Amino acid sequence: MNQKSKTTTIVLCLLACFTLNIVSAQEEEKEEYSPFSISAHLKNMHTWHGFVVHPGAMIASSLEYNSKNKKFTFGFWGGASFSTVDVDNIVTGENESAYYKEVSIYTKYRFSDKFFIEAVTHNNYTGVEERGDKLSYWSYDKTQGYNFVDLNFGYNVTPNTLLYFATIINGGSGDYEVQDNGDLENSWTHYFEVSSKVWQNSNSSLSLFAGGAWSFITDKTFYTQGAGNLINVGATFNKQLEIYKYKVPVDVTLMWNPEQEKTVIQFDLTLF
């Protein structure tokens with residue numbers, strides 16, 4: 001092999017190594033693992049399982065950890081309102097104004113693309129101090145009225161249809177019935193919901209949902225005045241809005257609670 005051929009071979013080898021390094025770096029960049037994420041939403045109200053948790057404008061945010069295989073999630077979800085609600089002070093008997101405040105903790109494990117289990121400790125402490133109670137974030141006393149734990153299961157029977165089952169397992173927050181002798185009987189309320197995406201195009205979709213609650217133990221549940229009822233029926237329309245070349249997800253949910261005879265429309269704008 002002459003000198004010119006040797007030089008050409010060396011140059012080609014160097015170019016090949018350089019190209020391989022670039023491709024490898026690009027692949028590593030694409031596969032970079034980011035364990036933590038944050039989100040923020042602006043909403044005209046906050047609804048949940050057929051409840052209007054807060055009737056006015058609020059902001060919701062979250063801080064979340066996800067494992068590299070995306071099976072395990074642990075996070076904090078918080079909400080704070082721009083408007084107040086009236087609560088009765090148990091000492092003075094007067095109305096006090098209170099802002100909606102919630103910091104809940106959740107964890108989820110995905111066994112497969114179809115099945116997951118989730119636990120949520122709901123900590124809605126709106127108006128606790130304003131009504132004359134002592135704020136104790138980690139208290140799950142039945143009568144305190146703002147902390148309880150849900151154990152939830154979800155199963156996708158199809159890619160577009162989810163079966164969701166939740167049971168209150170700790171705390172109370174009203175999930176009990178007062179017996180004739182004054183004892184408090186746990187309701188262990190169950191909530192079951194079916195949701196399904198029924199229409200979709202390139203930038204929007206429509207989903208329908210229906211949920212009900214019941215108890216096998218008491219004649220009252222966390223959600224209802226009777227042993228069971230249909231409490232959450234409606235539809236959610238999602239659209240990807242383009243604002244200055246940015247795609248902004250917007251959800252509009254029409255919710256009807258047959259037991260409370262309440263119908264509302266919730267607007268949810270995802271900031272990031």
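Q: What makes β9 and β12 a pair of strands?

A: This is a predicted model, to start with. Seven bridges join β9 (residues 161-171) to β12 (residues 190-200), and strands pair if there are at least two bridges between them, so these two qualify as a pair. They run antiparallel. To put a face on it, Phe165 has Phe192 in β12 as its bridge partner.

Q: Where do β9 and β12 sit in the closed barrel?

A: The barrel has 12 strands, in the order β1-β4-β5-β6-β7-β8-β9-β12-β13-β14-β15-β16, with antiparallel pairing. From one strand to the next, the twist averages 20°.

Q: Why is the contact between Phe51 and Phe222 called edge-to-face?

A: Pairing takes ring centres within 6.5 Å, and edge-to-face takes planes over 60 degrees apart. Here the centres are 5.8 Å apart and the planes stand at 70°, so the pair is edge-to-face. Phe51 belongs to strand β3 (residues 51-54) and Phe222 to the loop between β13 (204-214) and β14 (228-243), which puts them 171 residues apart.

Q: How do you know whether Phe51 and Phe222 are buried or partly exposed?

A: The cut-off for buried is under 20% relative accessible area, with exposed over 50% and partly exposed in between. Phe51 has 23%, so the label is partly exposed. Phe222 has 14%, so that one is buried.

Q: Why is the pair of Phe51 and Tyr223 called tilted?

A: Their centres are 5.6 Å apart and their planes are at 35°. Stacked needs under 30 degrees and edge-to-face over 60, so this pair is tilted. With Phe51 in strand β3 and Tyr223 in the loop between β13 and β14, the contact ties together parts 172 residues apart in sequence. Tyr223 is at 4% relative accessibility, so it counts as buried.

Q: Which residues form the aromatic cluster?

A: Trp48, Phe51, Phe148, Tyr191, Phe222 and Tyr223 form one cluster. The model has 17 aromatic pairs by this rule.

Terms used:
Residues are numbered from 1 along each chain as its sequence is written. This is a predicted model: local features need pLDDT of at least 70, side-chain atom pairs count only at pLDDT 80 or more; totals for chains, interfaces and linings use all residues. Side-chain values use heavy atoms; hydrogens and water are left out. Helices (H or I, at least four residues) and strands (E, at least two) are DSSP runs, numbered from the N terminus. Axes are lines fitted to C-alpha atoms, for helices over the stretch in contact, and angles run from 0 to 180 degrees between N-to-C directions. Rings of Phe, Tyr and Trp (its six-membered ring) pair if their centres lie within 6.5 Å; planes under 30 degrees apart count as stacked, over 60 as edge-to-face and the rest as tilted. Buried means under 20% relative accessible area, exposed over 50%, partly exposed in between (1.4 Å probe, protein chains only).
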